[in-house]
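I opened the model today to look up a few local features. My notes follow the order in which I checked them.

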Amino acid sequence: MKKIGIYIHAPFCRSKCPYCDFYSERADSRDHDEYTLSVVSAMERYSSELRREADTLYLGGGTPSLLGGKNVALIITAAKRLFNVDGEITVECNPSCIEDGFFDMIAEAGANRASIGLQSAVDSERRQLGRLSDARRVAEVIEASRSAGIDNISLDVMLGIPKQTPESLAETLEFCAQASIPHVSAYMLSLEEGTYFYKNADRLDLPDEDMTARLYEQCGDFLCGKGYVNYEISNFALPGFESRHNLKYWSCDEYLGIGPAAHSFIDGKRFYYPRDRRYFMDGGEPVSDGEGGSRGEYVMLRLRLAEGLVFADYEKRYGEKFPSGAVDAASSLAADGLMKVTDRAISLTRRGFLLSNPVIARIEENFIM
Ligand code: SF4
């Protein structure tokens with residue numbers, strides 16, 4: 001049986017960033033310890049229920065590093081014992097919430113990848129985003145991760161943030177290149193309902209749509225010029241450093257999500273835990289989110305990847321010929337430089353990534369949902 005990915009949600013943050021709607025709360029170290037034990041209990045239950053092995057583990061949040069090295073190590077050790085995790089083990093780290101010795105503890109337990117929240121290397125932009133540390137601190141954290149032997153590092157960068165200009169983005173990208181970071185996730189700011197940014201959008205001095213598109217292109221040009229591959233719409237990696245865990249999401253592979261707000265896709269079913277830490281800690285059951293893995297979902301997710309829709313993979317998965325209408329539609333989009341068609345696959349070009357929603361919708365129309 002194919003191995004699954006495991007996602008653990010750490011629902012804690014020291015403070016709330018004004019653009020973020022991920023589920024997280026403030027709590028103290030006793031809550032962190034108690035929550036860690038709930039995660040281990042849930043993993044024990046799933047391990048005997050599913051009897052599956054995993055080849056990726058991802059601790060995201062919220063702020064997993066806020067749990068502390070001891071708790072993160074406990075979770076990693078339990079996941080290895082219960083699911084025989086033998087591959088990529090990523091821990092998201094917020095530079096303002098890393099205790100001394102953190103990386104040594106998690107590396108010793110088996111963590112081999114760190115995803116660090118940079119967002120911007122320009123301190124005035126960092127302050128606007130509610131980041132509590134400066135860029136120098138991010139550099140120290142990168143160094144600490146490497147000293148512990150974790151050199152597979154990803155930095156998060158944000159595009160389209162208040163007052164961002166091509167010059168300020170250049171500073172951020174230069175920071176990533178100078179630090180020889182093998183993976184960069186570059187997401188455009190999206191105004192999520194309920195956040196401070198959403199409520200105050202007219203006062204934020206946000207770059208307009210054209211400028212945001214220009215920043216996205218600048219990011220791709222810079223990173224691809226340095227040897228990174230734009231392997232997913234918003235993700236860039238030096239060859240061999242793609243996120244194996246996130247590739248499972250974009251390939252419609254199976255994953256188990258543990259913790260409030262964590263989603264799962266197992267045996268064709270999608271389910272999730274409500275955004276309620278107490279509910280999860282009291283042993284509440286996840287809620288069904290219906291069937292998953294439809295053709296439409298697969299097409300939409302795979303076209304986010306530079307590899308695109310591989311005919312043979314589609315035919316193996318759904319037991320039917322790849323629709324010729326989709327190849328025709330891709331060929332007509334290729335004439336506008338938005339897609340590529342080969343005898344193996346159809347895929348979006350970097351220009352197509354920028355217009356991904358309408359381009360993917362044109363291809364999706366050709367599949368029976
Ligand atoms: S961006 Fe990260 S650190 Fe900030 S509130 Fe959201 S999860 Fe927490």
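**Ground rules.** I am working from a predicted model, in which local features need pLDDT of at least 70 and side-chain atom pairs count only at pLDDT 80 or more, while totals for chains, interfaces and linings use all residues. Residues are numbered from 1 along each chain as its sequence is written.

**Entry 1, helix α3.** I took helices (H or I, at least four residues) and strands (E, at least two) as DSSP runs, numbered from the N terminus. Helix α3 spans residues 102-109, and its buried residues are Phe102, Phe103, Ile106, Ala107 and Ala109. I call a residue buried if 20 or more other C-beta atoms lie within 10 Å of its own, exposed if 12 or fewer, and partly exposed in between, with C-beta atoms placed from the backbone. Looking down the axis of α3, I see the buried residues within an arc of 160°, so they line one face of the helix. The arc is that of the directions from the helix axis to the C-beta atoms. Their cover includes α2 (69-83), β3 (88-93) and α5 (135-147).

I looked up the largest nonpolar core next, and it has 79 residues. A nonpolar core here is a set of buried Ala, Val, Leu, Ile, Met, Phe, Trp, Tyr and Cys residues joined through C-beta atoms within 7 Å. The members that touch the most others are Ile6, Ile76, Ala79, Ile106, Ile116, Val184 and Cys219. Helix α2 gives the largest share of this core, 8 residues. Another core, of 20 residues, lies apart from it and includes Leu309, Ala330, Met339 and Ile346. In soluble globular proteins, nonpolar side chains tend to be buried together.

I then listed the contacts of Ile76, leaving out residues up to four places away in sequence: Leu57, Ile89, Ile106, Ala109, Gly110 and Ala111. A contact means that the two C-beta atoms, placed from the backbone, lie within 7 Å.

Is Glu92 buried or exposed? Glu92 is buried, because 20 other C-beta atoms lie within 10 Å. Glu92 is in strand β3. Neighbours within four places in sequence aside, Glu92 is in contact with Leu59, Gly60, Gly61, Pro64 and Ser115.

Most residues other than glycine have a negative phi, and most peptide bonds are trans. The peptide bond from Gly61 to Gly62 is cis, with omega near 20°. Gly62 lies in the loop between β2 (54-61) and α2.

Gln119, not a glycine, has a positive phi of about 70°. I place Gln119 in strand β4 (residues 113-119), and it counts as buried with 24 C-beta neighbours inside 10 Å. Ala261, also not a glycine, has a positive phi of about 75°. Ala261 is in the loop between β9 (255-258) and β10 (263-266), and it is partly exposed, with 19 other C-beta atoms within 10 Å.

I traced an open sheet of 3 strands in the order β13-β15-β14, with antiparallel pairing. Its edge strands, β13 (309-310) and β14 (339-341), each pair on one side only. Two strands pair if DSSP finds at least two bridges between them. Strand β15 (residues 345-348) is joined to β14 by 3 bridges, and Met339 stands opposite Leu348 in β15.

Which residues of α15 (residues 356-364) are buried? I noted Val359, Ile360 and Ile363. They cover an arc of only 95° around the axis, so they are on the same side of α15. Asn357, Pro358 and Ala361 are exposed on the other side. The buried residues of α15 pack against α11 (295-302), α13 (324-335), β14, β15 and α14 (350-354).
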